[in-house]
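User: Please guide me through reading helix packing and a ligand site in a structural model.

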Amino acid sequence: MPSDQDGVMIILSSPSGAGKTTLVKMLSELDNFEISISHTTRQPRHNEAPNKDYFFVDEKEFNRFIKNEEFLEYAKVFSNFYGTTRTPVINKLNNGKNVLFDIDWQGADQIKNKNLDYKLISFFILPPSKEILFERLSNRDMKDKLIAEERMKQFERDVLHWINYDYVVINDSIESCYSKIKNLIYAEINNGSKDYDVNYIRKHVEILTS
Ligand code: 5GP
């Protein structure tokens, strides 16, 4: 049975290239925080370690997880499947660990709609500007400018989901973005005061989508 000693669920989502994966890794260094490792049908990137960054599986195995209802959530993102298995997450939470999820808005919606008895805090990370986002995406996918362009188009659609998150944080510098998220998490856990201005975020989204 869930109790006060349970960990909290912390979701970080963002349009591709906003720096969320780095932030999740930094937050996982905090005492008592652990990352939920997803399953994916995507091929590993050269810098990714199996069973650490992702559990890499084929579609057949992924479908088996779906059929056995082992996923807390799953979604198709950029033509690959991604999913979070339920048991490791619940075990961590029951052991008092705070669990970090690096998942997209579809997964965030699914977890929210489950109304689990664990506290949930959701963050949406935004880039400071469209120009900086394009620069980051182009650097990442040097070999394929088309991917950067395709992800910019996706950005326009993804950004609209900001409204469904508890907090939206702008990643203008990784250190200050990390501090803001960390402070908001601790304020939520300890019922402290939160330094957050939703109107400022609303204006930023207007600029990003104009
Ligand atoms: P990437 O392929 O760049 O690692 O991830 C692509 C997108 O899939 C990112 O937005 C990432 O947050 C999302 N993602 C990674 N794991 C999961 C998951 O288990 N579930 C869902 N819904 N999205 C995920």
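User: In which hand does α1 cross α7?

Analyst: A crossing is left-handed if the near helix is turned anticlockwise from the far one by less than a right angle, and right-handed if clockwise. Here α1 passes α7 in a right-handed crossing. This is a predicted model, where local features need pLDDT of at least 70, side-chain atom pairs count only at pLDDT 80 or more, and totals for chains, interfaces and linings use all residues. Residues are numbered from 1 along each chain as its sequence is written, and side-chain values use heavy atoms, with hydrogens and water left out.

User: Which residues of α1 meet α7?

Analyst: Contact means heavy atoms within 4.5 Å. Thr22, Leu23, Met26 and Leu27 of α1 meet residues of α7 including Tyr178 and Ile181.

User: Which residues are closest to the ligand?

Analyst: A residue is near a molecule if one of its heavy atoms lies within 4 Å of it. The ligand is surrounded by 15 residues, the closest being Lys20, Arg42, Tyr54, Tyr82 and Asp102. A side-chain N or O atom of Tyr82 is 2.4 Å from a ligand oxygen atom. For Lys20, the corresponding distance is 2.7 Å.

Key
Helix = DSSP H or I, 4+ residues; strand = E, 2+ residues; numbered from the N terminus. Polar contact = N/O pair within 3.5 Å; in protein donor to acceptor, adjacent residues only side chain to side chain.
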